[in-house]
Amino acid sequence: MNRTIRIGTRGSKLALWQAYHVADLLKTAGLNSEIVIIETKGDKVLDVSISKIGSKGVFTEELEEQLASGAIDIAVHSAKDMQSSLPEGFELIAFTEREKVNDIILSHKEGIDYKNANKPLVLGTSSTRRVATLKHFYPHIQTVEVRGNLQTRISKMQEGLCDALLLAYAGAHRMGYDEMICEELSLDEFTPAVGQGSVAIESSVSLDTKVRELIQAACHHEETGYRLEAERSYLRVLEGGCSIPVFALAEVESGELKIKGGIVSLDGQQRIVHELTGKKEEGVVLGQQLAEQVLQSGGDKILKEIKSALKK
C-alpha cells in the first residue's frame, strides 16, 4: 500500500515511544507512517488534579478531533488512559502486546521501605486508585500530587517534593529507568488500572476498511485483546474514569480467561474485590458480570460516595 499512515500522539517522551513503537510495527508489515504531535488538555493543565479537570477525554479529546477531521488516520494512547466508552464515531482497532502490568516504586534514594510504619515515607502519584490502595494497605505512607510527564515527575522528586514515585512498570521500563525501580508491587494489593501496560490504537469508524485491516494485522496482539476487552467491559458497567479508584486485571491461560477486579473507597476503608473465570471468548460478558458482583457487594454505595466527593 502506497498510503502513509498518519499517527497522532501526545508529545511526551513516553507518548512518542508508544507512537514510534506502533510505527515500527507498521514498518515491519511494509506500511509507511508519519508521526503527528498533538497537545491535549491533560498536557496543558498540570496544576490541577485530573479528577478536577474532568476524567473523560483528558488525554484523548484533541486527538479525537483530529481523527474526526481526517488530519490523522489513527491515534495512539496508553490503553489505561482510554475512557470506558468512546464518543460516537470512534473505535479501538488494536491493542499492542502487553508489558508487565505491575505498579512500582521508583526512587533516586537508597533504602526505601514502604512496609516499615516506623520510617516516614512520602510517595508522589496522580492516581486516585494508588492513593486509595495505599490508604487501605499502608496508611502510614503520605502521598503528594505529582503531575506531568515522567521526566518532570522525576525532577520534582529529586528536588525534594517526595521520597519516591508510585508508577506503572511499563512507563518506567520503556523510558529506561529500570535502575531506579526499588520495589515491584504485588498484583494482589496493587491490582492495576484497566489496560495498564498496553498501547491502544484508536480510529474513526470511517477509516478505510482495508487500511484498518492492515493496521490490525500489524499491531493487534490477540491475547492482549481478549484481556483488555474483558477489563474494559468491566469498566464500562462501573463508568470508571481516570479519577475513579476501580481496578481490574484479566489473564489468559490455556484458553481460559480469569478476571479479578474491584473498587476501593477514597479513604481506603472499604475495598471490594471479586474474581471470575470462563472462556476467553466470553471476556466481555465476564467483565460485565464481575462489575455487577462488585456493585451488588456494596460497590454501588462506594461509587456513589466517590462521585459525590469528586464534585465538591
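**Exercise 1.** State how strands β3 and β10 pair, and name the bridge partner of Val76 in β10.

*Solution.* Strand β3 (residues 74–78) and strand β10 (residues 199–204) run antiparallel to each other, joined by five bridges. Strands are DSSP runs of E with at least two residues, helices are runs of H or I with at least four, and both are numbered from the N terminus. Two strands pair if DSSP finds at least two bridges between them. Val76 is bridged to Ile201.

The model is predicted: local features need pLDDT of at least 70, side-chain atom pairs count only at pLDDT 80 or more, and totals for chains, interfaces and linings use all residues. Residues are numbered from 1 along each chain as its sequence is written, and side-chain values use heavy atoms, with hydrogens and water left out.

**Exercise 2.** Give the strand order of the open five-stranded sheet and find its edges.

*Solution.* The order is β2-β1-β3-β10-β4, with mixed pairing. β2 (32–37) and β4 (90–95) each pair on one side only, as edge strands.

**Exercise 3.** Locate Ser254 and decide whether it is buried or exposed.

*Solution.* Ser254 lies in the loop between β11 (246–253) and β12 (256–264). Buried means under 20% relative accessible area, exposed over 50%, and partly exposed in between (1.4 Å probe, protein chains only). Ser254 has 76% relative accessibility, so it counts as exposed. Its phi is positive, about 50 degrees, although Ser254 is not a glycine. Most residues other than glycine have a negative phi.
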